[in-house]
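I opened this notebook to keep track of what I looked up, entry by entry.

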Amino acid sequence: MAKYKVGDKITIRQWEDMEKEFGLTSYGAIRTPLYFTKGMKFLCGKTREIDRVNSDGTYLIGSWFISDEVIEAEINQTLVIYKNGTDTIGILKKGGKEIKRAVAKLHPNDTYSFVTGSEIILSRIFGEEPEKETFYNGKAVCLCNDFNEGLYTIGKIYEFKDGFMTDDRGEKRPTDAVHNLEEFNEWSAADWLEIKE
């Protein structure tokens with residue numbers, strides 16, 4: 001039985017963590033029950049929504065099938081903020097382990113305020129902008145197309161914009177934007193070569 005349901009938000013474990021626990025296949029995928037391929041590496045550390053729960057207890061997120069082993073366990077987080085003299089200190093803990101610390105020091109011309117110090121701590125611990133995902137923009141030529149007749153023409157150059165390209169039928173491919181051509185090659189049954197200009 002699946003631990004999660006459609007619509008649940010889950011976070012994918014870090015690549016190094018999974019590699020250490022499960023090892024790699026001969027072609028470099030993580031050896032989980034459903035292999036976690038190099039093309040899926042961009043998902044590591046990301047929080048995604050479950051789109052489908054399969055009858056075997058695996059999940060679909062975007063166009064990727066995953067198993068419970070690649071999902072980061074839910075661990076309680078705690079933020080402790082306290083006063084130490086004229087300093088306000090904040091410690092973020094995950095599963096009892098300190099993962100981030102911030103200090104707000106009183107400026108000599110100011111009067112101490114725990115509320116102001118706490119607001120500074122919150123902004124220092126949680127205020128960073130998340131990294132903006134960058135998707136693949138470039139051109140690639142179809143080298144081999146044994147399984148997708150009518151979708152791609154061998155020898156034709158296709159342009160990718162923001163992680164997507166348009167096939168010969170006018171449909172956007174793949175189902176989720178890719179970050180590089182390697183991810184697209186993992187997804188596609190055809191073989192592709194990047195055109196460098």
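**Entry 1: charged pairs**

I began with Asp8, which forms a salt bridge with Lys5, the closest N and O atoms being 3.0 Å apart; by salt bridge I mean a side-chain nitrogen of Lys or Arg within 4 Å of a carboxyl oxygen of Asp or Glu. I note that this is a predicted model, in which local features need pLDDT of at least 70 and side-chain atom pairs count only at pLDDT 80 or more, while totals for chains, interfaces and linings use all residues. Residues are numbered from 1 along each chain as its sequence is written, and side-chain values use heavy atoms, with hydrogens and water left out.

I then looked up accessibility, where buried means under 20% relative accessible area, exposed over 50%, and partly exposed in between, with a 1.4 Å probe and protein chains only. Asp8 is buried at 19%, whereas Lys5 is exposed at 55%.

The next pair I wrote down was Arg13 and Glu21, a salt bridge with its closest N and O atoms 2.7 Å apart. Arg13 counts as buried, with 11% relative accessibility, and Glu21 is exposed, with 51%. Arg13 and Glu21 also belong, with Asp17, to a network of salt bridges.

A further salt bridge joins Arg173 to Asp167, and here I noted 2.8 Å between the closest N and O atoms. Arg173 is buried at 17% relative accessible area, and Asp167 is buried at 4%. How many salt bridges does the structure hold? I find 11 in the structure.

**Entry 2: strands and sheets**

Two strands pair if DSSP finds at least two bridges between them.

I found an open sheet of 3 strands in the order β10-β9-β13, with antiparallel pairing. Because β10 (157–160) and β13 (191–195) stand at the edges with a single partner strand each, one side of each is left without a neighbour in the sheet. Strand β9 (residues 138–144) is joined to β10 by 4 bridges, the two running antiparallel, and Lys139 stands opposite Glu159 in β10.

Another open sheet of 3 strands has the order β3-β4-β5, and its pairing is antiparallel. Here β3 (52–53) and β5 (64–66) are the edge strands, each with a single partner, so one side of each lacks a neighbour in the sheet. I counted 3 bridges between β4 (residues 59–61) and β5, which run antiparallel; Leu60 has Phe65 in β5 as its bridge partner.

**Entry 3: a loop residue**

Is His179 buried or exposed? His179 is buried, with a relative accessible area of 18%, and its place is in the loop between β12 (172–173) and α3 (181–187). Taking contact as heavy atoms within 4.5 Å, and leaving aside neighbours within four places in sequence, I listed Phe42, Glu133, Thr134, Phe135 and Tyr136 as the residues that His179 touches.

**Entry 4: the largest pocket**

A pocket is an open set of points on a 1 Å grid over the protein atoms alone, where a 1.4 Å probe fits, with protein on both sides within 12 Å along at least five of seven lines; lining residues have an atom within 4 Å of a point. The largest pocket is lined by 14 residues, of which Gly45, Gln77, Leu92, Lys94 and Ile99 lie nearest its centre. I also noted that β7 (87–94), β8 (97–105) and α2 (114–126) each supply at least two residues of this lining.
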